[in-house]
Amino acid sequence: PTPGLYGTLWSNTTLTAAQGPYTLAGDLTVAPNVTLTIEPGATLSFQSNADIMQAGSSTSRGELIVEGRLVADGTPAAPITIGSTSTSSGTWYGIDLDTSAHDSVLDNVTINRAIFNLIYRSTGTGNVLSHVTSNAASSHGLFLRTGSPAIDAWSSINAGTYGIYVGDTSSPTLTNCVVRNSGTYGIYVA
């Protein structure tokens with residue numbers, strides 16, 4: 001176990017709005033068969049350009065790696081915010097729904113200022129992505145790598161290069177999605 005909110009979660013964990021906001025000093029990994037629940041109104045901020053764990057896809061920026069289950073089920077009145085302690089883009093790596101992620105829910109969630117706000121590599125079932133707002137990603141608002149996610153009401157705003165990038169073997173279904181102010185491509189299918 002690590003002494004702070006970083007490292008690997010080996011047991012089910014709930015983050016409440018009342019006990020937050022939460023500042024993460026490095027990577028946080030949700031282990032297989034473990035659930036991280038983020039309650040409505042909670043805020044998670046990764047420290048800017050820091051990763052005490054020096055692991056994952058970026059050894060210099062924190063990331064949320066989901067190998068198990070992430071339940072971030074906000075409401076319109078109490079959305080969940082996941083971002084950085086900085087107001088600059090690209091100061092944390094992003095959320096990675098790994099290949100084994102399953103039954104994850106991101107609903108009424110705002111993801112701010114990562115390099116890749118959300119990387120979707122899950123081949124698991126039951127994932128729900130709806131009413132997610134991706135703000136100011138320095139590279140990709142939504143990076144779809146594998147799987148066949150159904151994405152409803154996704155908003156990518158001010159993405160550095162790609163609002164939504166569909167690559168590798170991903171075959172998503174996008175409905176009610178809005179992409180604007182992307183640096184190069186709004187929606188790119190490789």
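Let's start with the aromatics: ring pairs link Tyr93, Phe116, Phe143, Tyr162, Tyr165, Tyr185 and Tyr188 into a cluster. Rings of Phe, Tyr and Trp (its six-membered ring) pair here if their centres lie within 6.5 Å; planes under 30 degrees apart count as stacked, over 60 as edge-to-face and the rest as tilted. Keep in mind that this is a predicted model, where local features need pLDDT of at least 70 and side-chain atom pairs count only at pLDDT 80 or more, while totals for chains, interfaces and linings use all residues. Residues are numbered from 1 along each chain as its sequence is written, and side-chain values use heavy atoms, with hydrogens and water left out.

A search of the whole structure turns up 9 aromatic pairs. Take Tyr162 and Tyr185: their ring centres sit 5.7 Å apart with the planes at 5°, so this pair is stacked. Tyr162 belongs to strand 16 (residues 162-166) and Tyr185 to strand 19 (residues 185-189), so the pair ties together parts that are 23 residues apart in sequence. Strands are DSSP runs of E, at least two residues long, numbered from the N terminus. Tyr162 counts as buried because its relative accessibility is 16%, whereas Tyr185, at 38%, counts as partly exposed. The cut-offs are under 20% relative accessible area for buried and over 50% for exposed, with partly exposed in between (1.4 Å probe, protein chains only).

Now for the nonpolar cores, meaning sets of buried Ala, Val, Leu, Ile, Met, Phe, Trp, Tyr and Cys residues joined through side-chain atoms within 4.5 Å. The largest has 38 residues, and Leu36, Ile38, Leu64 and Ile82 have the most contacts inside it. Strand 11 supplies the largest share of this core, 3 residues. Apart from it lies another core of 7 residues, among them Tyr93, Ile119, Phe143 and Tyr162.

Thr110 counts as buried at 18% relative accessibility, and Asn112 does so at 11%. Not counting residues up to four places away in sequence, Thr110 touches Ile80, Thr81, Ile82, Thr133 and Asn135; contact means heavy atoms within 4.5 Å. With the neighbours within four places left aside, the contacts of Asn112 include Ile82, Trp92 and Asn135. The side chains of Asn112 and Asn135 are joined by a polar contact of 3.0 Å, that is, a pair of N or O atoms within 3.5 Å, where within protein one must be able to donate a hydrogen and the other to accept it, and residues adjacent in sequence count only if both atoms are side-chain atoms.

Methods. Helices (H or I, at least four residues) and strands (E, at least two) are DSSP runs, numbered from the N terminus.
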